[in-house]
Amino acid sequence: MLTEIEWWGGIIFIWWAFSYWFVFKEWTVEMSVSFISMNLSYILSAFVLALYFYPLESIDIKYAYLIVLAIAIVSILLMFFWPDTNKSLEEEGKNESDDSELNDDDSSDELIGQVFLFSPMVIGCLLALFKSLDLIKEIGLI
Amino acid sequence: MSQNSHTLLLFYKDKQQHKNCLLMFLKLNDGDKEKAKYFSNLLGVDVENHWDNVWFNQEVSAKPDYIRLDYDTSTSEDLPLEILRSLFKNGLDAAILDIFHDQVGEYSRHHFIDNKLVNKEALYKSIENAKKIVSLQLQTFDDEESYVTVEDEISINKLIEDEKKHNEEAKEMVSSILELGKISNETGTNPIELVKSVLILRAAGKGLLQALIFGITTVLLFKGFWLWIVLSLFAVFFLISYHISQVNKEFIDEEEVVSDVN
């Protein structure tokens, strides 16, 4: 083993790789804020997840970890709430459609799909948040 | 016999270059090879080979702000990109090439500025009176698809490279079809079955390679050696079956299309 990443971390990483590949392939609005934040969220969440398995000794590295985690969380929020996302395009398309029953089915499928696709990065960031609580205590910020 | 009819409009801002280019085409048209050579040397462009061997029914006309060259070629002839490239290298400012594809009865119009394929708007903006000249010299198409459009301008060098690559691929494809025919003759198997078995083998190889990459990466990166070994074995089985089923599906779809046509 070249890294300290546990087997369950590996499973999250494989899940992450699948979702990143799928989201990247299907993303239609290129070079927008949401596109950049999507890439940033995936890459930074993988980074903080990988470092979760390592002890961070130096104070600078601890600060760097907290900053990267903050950027990752901001990117995730931007990706979800910035107006020019794929999601908003899909919603526009749906508003034009009249069939409400189909819309209900589609929206529940879409929700499951989004949970599946975006969970790995959210899990990565949540784990990093738990680690950062310890880091903050160690640094003495709280 | 089918042929493609071309109309090439050349725009020079430099009057001397315009004159040299026109005289070169006029001398070639008159069959005065020596003088044509003289002007083509002055211009740094060699079109004699194309003029004698590729183009026919040539006609040359000109006004102070453009040169018009009409010629026909066989339907297999590509755009005269090499000639345009050397004309641009030696002072040409813009060119418009109109082609009537006799076999399909369709037109296509290409616009070039500074050794690049561009959209018509860019050319009209760059060359004064170009729009007026085009409306007088060439016909207007109702179908916008006849105007070749590009998202970003593409250099002629890139077009030449792409054309070379495309020709090489076409040659490779022809030679592999011939090879396939030869093998199926020798072995007495149906060429379609032969293609199918080659594709299935390739799909299996692809699946195996992907599973191998998965196995090596996971074993090296993550803890839990036996978990990744078992998962990799599942991946071998799953990926090979998946890729083979994709190949089979394509063949079944094609068979359905063929039976629908029949």
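How many salt bridges does the structure hold over all chains? There are 10, where a salt bridge is a side-chain nitrogen of Lys or Arg within 4 Å of a carboxyl oxygen of Asp or Glu. We'll visit some of them below.

Before you click, some ground rules. This is a predicted model, in which local features need pLDDT of at least 70 and side-chain atom pairs count only at pLDDT 80 or more, while totals for chains, interfaces and linings use all residues. Residues are numbered from 1 along each chain as its sequence is written, chains are lettered from A and ligands numbered from 1 in the order in which they are written, and side-chain values use heavy atoms, leaving out hydrogens and water.

**Stop 1: where the chains meet**

Select chains A and B together. Here 10 residues of chain B are in contact with 11 residues of chain A (contact means heavy atoms within 4.5 Å). About 960 Å² is buried between them, with carbon and sulfur atoms giving 73%; buried area is the accessible area (1.4 Å probe) that two parts lose on being put together, summed over both. On the chain B side, pick out Leu220(B), Phe222(B) and Lys223(B): they lose the most area to chain A, together 57% of what that side buries.

**Stop 2: Lys223(B) and its partners**

Stay on Lys223(B). What does Glu4(A) form with Lys223(B)? Their side chains meet in a salt bridge, at 3.4 Å from N to O. That pair runs from the segment before helix H1 (7-26) of chain A to the loop between H8 and H9 of chain B.

Next, color helices H8 (191-221) and H9 (225-261) of chain B; each supplies at least two residues of the side that touches chain A. Helices here are DSSP runs (H or I, at least four residues) and strands likewise (E, at least two), numbered from the N terminus. H8(B) gives the largest share of that side, 5 residues.

**Stop 3: two helices in chain A**

Select H2 (residues 33-52) and H3 (residues 59-81) of chain A. They pack at an angle of about 145 degrees, with axes 8 Å apart. Axes are lines fitted to C-alpha atoms, for helices over the stretch in contact, and angles run from 0 to 180 degrees between N-to-C directions. Among the residues making the contact, show Leu44(A) and Phe47(A) of H2(A), and Leu69(A) and Ile76(A) of H3(A).

**Stop 4: two asparagines in chain B**

Most residues other than glycine have a negative phi. Go to Asn57(B), though: its phi is positive, about 55 degrees, and its place is in strand S2 (residues 56-63). Finish at Asn129(B), with a positive phi near 65 degrees, in the loop between helix H5 (120-126) and helix H6 (130-137) of chain B.
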